[in-house]
Amino acid sequence: MRRNKGRGWCGIVVLAAIMSPTMHAAEPVSAPVKPASKDAASSPQKRSSGAPGTITGAGLRNRSQQAFSRGLLPLTDHLEHLAAAEEADLRRVMTTSSADTAPSSAALLSALQPRVNALRSAVRQLEAFRQPAAANWQADLLLSKYVLAQAEEETSLIAGDIPAADHAGRTQSRVAIEHYQQRLFDARVLGHASLSEVTRAVSFLNIDPTRKRQALVHAVGATQRWNAVSSGIGRTDRVLDAQLQVALWDAEPRPAKTDETAIRQGLIDADQLSSRLFATQRQYFAHGTATLADLSRAWQTRRQVHLLADMVQTTLPTTGRVSYERDLKELTHLAAAARDERGRNASDLEYVRLLQNLHVGDRIGQKAVP
């Protein structure tokens, strides 16, 4: 559905996995996910994601927008939430369509439009902020415009509005360059942008894929050197995340990429690295130096790896499947134990509940290899 050759903002683009044959078989599940406690059962907020068969992204989208509008949630986390909410809405459209009939353009647009509206709202809010001296403000504004242009191109293509899709595509190319230049300035001159932010900006550019991978490999080397001198920016989870981005790049199928062996190895590496990342951040979480959002992001990345492996018919090791399920149980247990839903916590907890419900309908991992 996407013509843009750049990567998604948070790793593997999962829309293709959502629309793959693994999804049309995801019929509504009769039993809802059971709440972890009586408190969870009695709270309307904790039920908002609904049963897996009637899953909706509205709850997460609304809570995320509320937290972002109050300045409690970083833009990247907000974008992550909006992507998951859109996936849930697309899941609902797919499960209500018959196996032999593709959903109508109107149905698809109804699932995609809420995210477009939320992205437009985020752009307006960042524009109204007008604080050039605020760390990362200009770069975040450009990032929001880039992701919005991506979403608008997608909806325009579905609607058959080619001129609008072309305009959105040109906007992406222009904003991608501006975003990269701003991140580079923020990193080299102001010291605000992280290496991962600069690397992500590189991934949006319309340049040779080899150069994009070189940027990812460079980030691994730099983070490992920081780790060797016990620098905070080279913490073990950051090294693992940098390595994971390379594996994700290797695992992602692209039109000019036909090496199935390399894709399979990338998927296996990404599965193992995301597992190690979750385990490492779980240790940090116990000491208060990692958050539930960090753990959610690590598990969601791994989920995307499993979805992609299923889509390209690649089996992952049995041990990986076992730890994948175990980590989700740990994540949902930590979320169920939380009693404070103030601030950004409401959106973070809703995200975990949505991930749990999405997982029930994934229908992946039916096959595994020892």
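Hi everyone, let's start with helix H9, residues 195-204, which is mostly covered, with seven of its ten residues buried. Buried here means under 20% relative accessible area, exposed means over 50%, and partly exposed is in between, using a 1.4 Å probe and protein chains only. The buried residues of H9 are Glu197, Val198, Thr199, Ala201, Val202, Ser203 and Phe204. What do they pack against? Their partners are helix H7 (137-159), helix H8 (162-190) and helix H10 (209-228). Contact, by the way, means heavy atoms within 4.5 Å.

A quick word on where this comes from. This is a predicted model, in which local features need pLDDT of at least 70 and side-chain atom pairs count only at pLDDT 80 or more, while totals for chains, interfaces and linings use all residues. Residues are numbered from 1 along each chain as its sequence is written, and side-chain values use heavy atoms, with hydrogens and water left out.

Now the overall picture. The chain has 15 helices and zero strands. Helices (H or I, at least four residues) and strands (E, at least two) are DSSP runs, numbered from the N terminus. Of the 370 residues in the chain, 49% are buried. If you take the contacts with a separation of 6 or more, 69% of them join residues 24 or more positions apart.

Let's look at how some helices pair up. Two packed helices are described by the angle between their axes and the distance between the axes. The axes are lines fitted to C-alpha atoms, for helices over the stretch in contact, and the angles run from 0 to 180 degrees between N-to-C directions.

First up are helix H4 (residues 58-69) and helix H5 (residues 75-95). The axes of H4 and H5 come within 8 Å and cross at roughly 165°. That makes H4 roughly antiparallel to H5. For the angle words, under 35 degrees is roughly parallel, over 145 is roughly antiparallel, 65 to 115 is roughly perpendicular, and the rest is oblique. The crossing of H4 and H5 is left-handed, a word used if the near helix is turned anticlockwise from the far one by less than a right angle, with right-handed used if clockwise. On the H4 side, the contact is made by Ala58, Leu60, Arg61, Ser64, Gln65 and Phe68. On the H5 side, you can find Leu75, His78, His81, Leu82, Ala84, Ala85, Glu86 and Asp89. Sorted by class, this contact has seven nonpolar, four polar and three charged residues. In this sorting, Ala, Val, Leu, Ile, Met, Phe, Trp, Tyr, Cys and Pro count as nonpolar, Asp, Glu, Lys and Arg as charged, and the others, Gly among them, as polar.

H5 has another partner, helix H13 (residues 292-311). At what angle do H5 and H13 cross? Their axes cross at roughly 45° and come within 12 Å. H5 and H13 are therefore oblique to each other, and their crossing is left-handed. Asp77, Glu80, Glu87 and Arg91 of H5 meet Ala293, Arg297, Gln300, Arg303 and Leu307 of H13. By class, that contact has two nonpolar, one polar and six charged residues.

Next, a closer look at Thr155, which sits in helix H7. Is Thr155 buried or exposed? Thr155 counts as buried because its relative accessibility is 10%. A polar atom of the Thr155 side chain lies 3.1 Å from the backbone oxygen of Glu152. Leaving aside neighbours within four places in sequence, Thr155 is in contact with Leu109, Leu112 and Val116.

Finally, let's visit a few loops. Ile207 is in the loop between H9 and H10, and is partly exposed, with a relative accessible area of 24%. Not counting residues up to four places away in sequence, Ile207 touches Val202 and Lys212. Thr289 lies in the loop between helix H12 (260-286) and H13, and counts as partly exposed at 42% relative accessibility.

Asn136, in the loop between helix H6 (105-129) and H7, has phi near 70°, and counts as buried at 16% relative accessibility. Gln313, in the loop between H13 and helix H14 (318-337), has a phi of about 60°, and is exposed, with a relative accessible area of 74%.

Notes:
Polar contact = N/O pair within 3.5 Å; in protein donor to acceptor, adjacent residues only side chain to side chain.
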